[in-house]
Amino acid sequence: MGDKINARAQMIKAGVPVIPGSDGEVHNSEEALIVAEKIGYPVMLKASAGGGGKGIRKVEKPEDLVSAFETASSEAKANYGNGAMYIERVIYPARHIEVQILGDEHGHVIHLGERDCSLQRNNQKVLEESPSIAIGKTLRHEIGAAAVRAAESVGYENAGTIEFLLDEASSNFYFMEMNTRVQVEHPVTEFVSGVDIVKEQIRIAAGQPLSVKQEDIVLRGHAIECRINAENPAFNFAPSPGKITNLYLPSGGVGLRVDSAVYPGYTIPPYYDSMIAKIIVHGENRFDALMKMQRALYELEIEGVQTNADFQLDLISNRNVIAGDYDTSFLMETFLPKYQEKE
């Protein structure tokens, strides 16, 4: 399932809806032009072995496809050692919904509800929340069942995430990819489900059955995660390596979790991902969680390097975000231009 082309083929066999696209790998721009013409523009080029926003390009018209294909394929080759691409029709705007699943070697697969990851910059998640405000009880059951069916079809054993795009206008959802690992945003699900995902992963690795069944899973309250990155939003989010001279992490008690390994005197190197902390909050409802996150971001102090903490605070305080009225286009096309004008 880590190979996106093989995963797509497997999902078709399992009866999980997929985005219309190429049937297999696309190896050159000439082949890409033929496939794109067949499925219709705009299209999304994706690296077969990709992840983390690398090797992805959105193409609006045929004259832009050749150069986009070459750069995306080269990027994929440099990052993953595999330049193979595939093409999908763009479902945009949409909600990016992912479902957390657990599967053991005894044939048990369950899901722990969904996370809404629609607030993204350059295909990188910025903020995640659970449950999604865009999904009701019926659709939550359908998308959860599809995720379980996807994992069962390959005999999956581990923690993992099935990612979907949701077309809110039609309520249709489409399999996008599977992440065969524990993701950055897993604490959001742990808060609302009460399940320690890493603990379950260790049980799975030891050959033990899952400690919970699907009927045991009840989502309670609402959780939100903000990623804190060492980057400068005022300069197009340029990385901000350097030494942390002062650090104060929020400490609000129940319903607040901070995951980080930095400390005063720590030097952030320029070679790796810029995320240096995660702030996760849980409230009785979504508004409660939003208010807790605002308070936590107000309390956060990091000196010596630039971070996106103030950017996150502005985002979480935006009226569209507070209302849950956003999709995958919102941050880049609506919020960010206004934010940059202000800065």
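Reader: Is Ser171 buried, partly exposed or exposed?

Author: This is a predicted model, in which local features need pLDDT of at least 70 and side-chain atom pairs count only at pLDDT 80 or more, while totals for chains, interfaces and linings use all residues. Residues are numbered from 1 along each chain as its sequence is written, and side-chain values use heavy atoms, with hydrogens and water left out. Ser171 lies in the loop between strand 7 and strand 8 (172–179), where helices (H or I, at least four residues) and strands (E, at least two) are DSSP runs numbered from the N terminus. Because buried means under 20% relative accessible area, exposed over 50% and partly exposed in between (1.4 Å probe, protein chains only), the 41% relative accessibility of Ser171 makes this residue partly exposed.

Reader: What is the phi of Asn158, and where does Asn158 lie?

Author: Asn158 counts as buried, because its relative accessibility is 18%. The phi of Asn158 is positive although the residue is other than glycine, with a value near 160 degrees, and the residue is found in strand 7 (residues 158–167).

Reader: Which domains does the assignment give, and how many Å separate their centres?

Author: The bounds come from an automatic or database domain assignment, which gives domain 1 (20–89) and domain 2 (95–341) for the protein chain. Taken over C-alpha atoms, the centres of domain 1 and domain 2 are separated by 27 Å.

Reader: Where is Pro93, and what is the omega of the peptide bond from Tyr92 to Pro93?

Author: Pro93 is placed in the loop between strand 3 (85–89) and strand 4 (95–103). The peptide bond that joins Tyr92 to Pro93 is cis, with omega near -5 degrees.

Reader: Which residues does Ser329 contact, leaving aside its neighbours within four places in sequence?

Author: Ser329 sits in the loop between helix 9 (319–323) and helix 10, and it counts as buried because its relative accessibility is 11%. With contact meaning heavy atoms within 4.5 Å, and with neighbours within four places in sequence left aside, the partners of Ser329 are Tyr92, Pro93 and Thr334.

Reader: Which residues have the most contacts inside the largest nonpolar core?

Author: A nonpolar core is a set of buried Ala, Val, Leu, Ile, Met, Phe, Trp, Tyr and Cys residues joined through side-chain atoms within 4.5 Å. The largest has 37 residues, and the elements giving two or more residues to this core are strand 6 (124–130), strand 9 (222–229), strand 16 (275–283), helix 7 (286–299), helix 8 (309–316) and helix 10 (330–342). Apart from it lies another core, of 24 residues, which includes Ala14, Val18, Ile135 and Met178. In the largest core, the residues with the most contacts are Ile228 and Leu315.

Reader: At what angle do helix 8 and helix 10 pack, and how far apart are their axes?

Author: Phe311, Asp314 and Leu315 in helix 8 meet Phe330, Leu331, Phe335, Leu336, Tyr339 and Lys342 in helix 10. The residues of this contact divide into seven nonpolar, no polar and two charged, where Ala, Val, Leu, Ile, Met, Phe, Trp, Tyr, Cys and Pro count as nonpolar, Asp, Glu, Lys and Arg as charged, and the others, Gly among them, as polar. Axes are lines fitted to C-alpha atoms, for helices over the stretch in contact, and angles run from 0 to 180 degrees between N-to-C directions. On that basis helix 8 and helix 10 pack at an angle of about 120 degrees, and their axes are 12 Å apart.

Reader: What distance separates the C-alpha atoms of Met44 and Arg89?

Author: Met44 lies in strand 1 (residues 43–47) and counts as buried because its relative accessibility is 17%. Leaving aside neighbours within four places in sequence, Met44 is in contact with Ile56, Arg57, Lys58, Tyr86, Ile87, Glu88 and Val90. Although Met44 and Arg89 are 45 residues apart along the chain, the separation of their C-alpha atoms is 6.1 Å.

Reader: How many of the residues of helix 5 are buried?

Author: The buried residues of helix 5 are His186, Pro187, Val188, Thr189, Glu190, Val192 and Ser193. Helix 5 (residues 186–193) is thus mostly covered, the buried count among its eight residues being seven.
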